[in-house]
Amino acid sequence: MTDRLDLAAMLQPLVQSLIAAEQPVLAAHGISMWGYAVLTALADTAVRTQAALAEAIGADKTRIISTLDRLQDAGLITRDPDPRDRRARILAITAEGALLHRSVRTAIQAGEDRLLDRLPPADRATFLCAVQTLARLPRDS
């Protein structure tokens with residue numbers, strides 16, 4: 001046993017601070033946190049079903065329907081019938097959605113850079129590498 005706090009106890013204040021810093025950026029771009037999560041998930045690849053998308057972003061599949069409706073109404077995503085299964089919808093980001101996503105991500109990461117600038121360069125690189133490695137782990141690990 002060590003005298004350090006658990007990871008969740010150490011990371012929780014940082015995560016809360018990061019989320020609070022993102023809110024004005026998201027509001028300025030007219031998008032919700034869930035909307036940004038959806039655009040992020042779709043930025044690299046289309047998703048075959050709303051259930052798969054919900055699982056990918058850690059959301060309840062019934063909860064994200066209104067978010068998907070708003071994103072589709074704004075022209076940021078498409079939901080087209082899957083030719084292999086007409087009950088399923090293929091979700092994809094539009095060019096306008098990709099542009100908005102890049103703009104939001106750039107603004108968010110500029111704020112993160114100001115925070116990360118408090119670390120020596122080697123510590124910053126190590127921290128980012130460690131977070132990226134841990135973020136890629138399966139959720140049940």
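Predicted model: local features only at pLDDT ≥ 70, side-chain atom pairs only at ≥ 80, totals over all residues.
A pocket, in the sense used here, is an open set of grid points with protein on both sides, and its lining residues have an atom within 4 Å of a point.

Helix α1 spans residues 7-28, and its 22 residues reach 32 Å from the first C-alpha to the last, close to the 32 Å expected. Along the way there is a kink of about 25° at Glu-22, shortly before the proline Pro-24. Glu-22 is also buried, as are Val-25 and Leu-26 of α1. The cover over the buried residues of α1 includes α2 (33-42) and α5 (95-116). Just after α1, Gly-30 takes a positive phi of about 70°.

Glu-22 turns up again in the largest pocket, where Leu-18, Glu-22, Glu-112, Val-131 and Ala-135 are the closest to the centre among 27 lining residues. This pocket has a volume of about 1400 Å³. At least two lining residues come from each of α1, α2, α5 and α6 (121-135). By class, 20 of the lining residues are nonpolar, 3 are polar and 4 are charged.

The second largest pocket holds about 160 Å³ of space. Its lining includes Leu-18, Glu-22 and Val-25, along with Ile-108, Glu-112 and Arg-114. Helices α1 and α5 each supply at least two residues of this lining, and α5 gives the most, with 7 residues. Here the classes divide into 7 nonpolar, 2 polar and 3 charged residues.

Methods:
Residues numbered from 1 in each chain as written. Heavy atoms only, no water. Helix = DSSP H or I, 4+ residues; strand = E, 2+ residues; numbered from the N terminus. Expected span 1.5 Å × (residues − 1). Bend = angle between axes of the 7 residues up to and from the residue. Buried < 20%, exposed > 50% of the residue type's maximum accessible area, 1.4 Å probe, protein only. Contact = heavy atoms within 4.5 Å. 1 Å grid on protein atoms, 1.4 Å probe; cavity = no way out; pocket = protein on both sides within 12 Å on 5 of 7 lines; lining within 4 Å. Points joined across faces, edges and corners; volume = space filled by probe spheres on them. Nonpolar A, V, L, I, M, F, W, Y, C, P; charged D, E, K, R; others polar.
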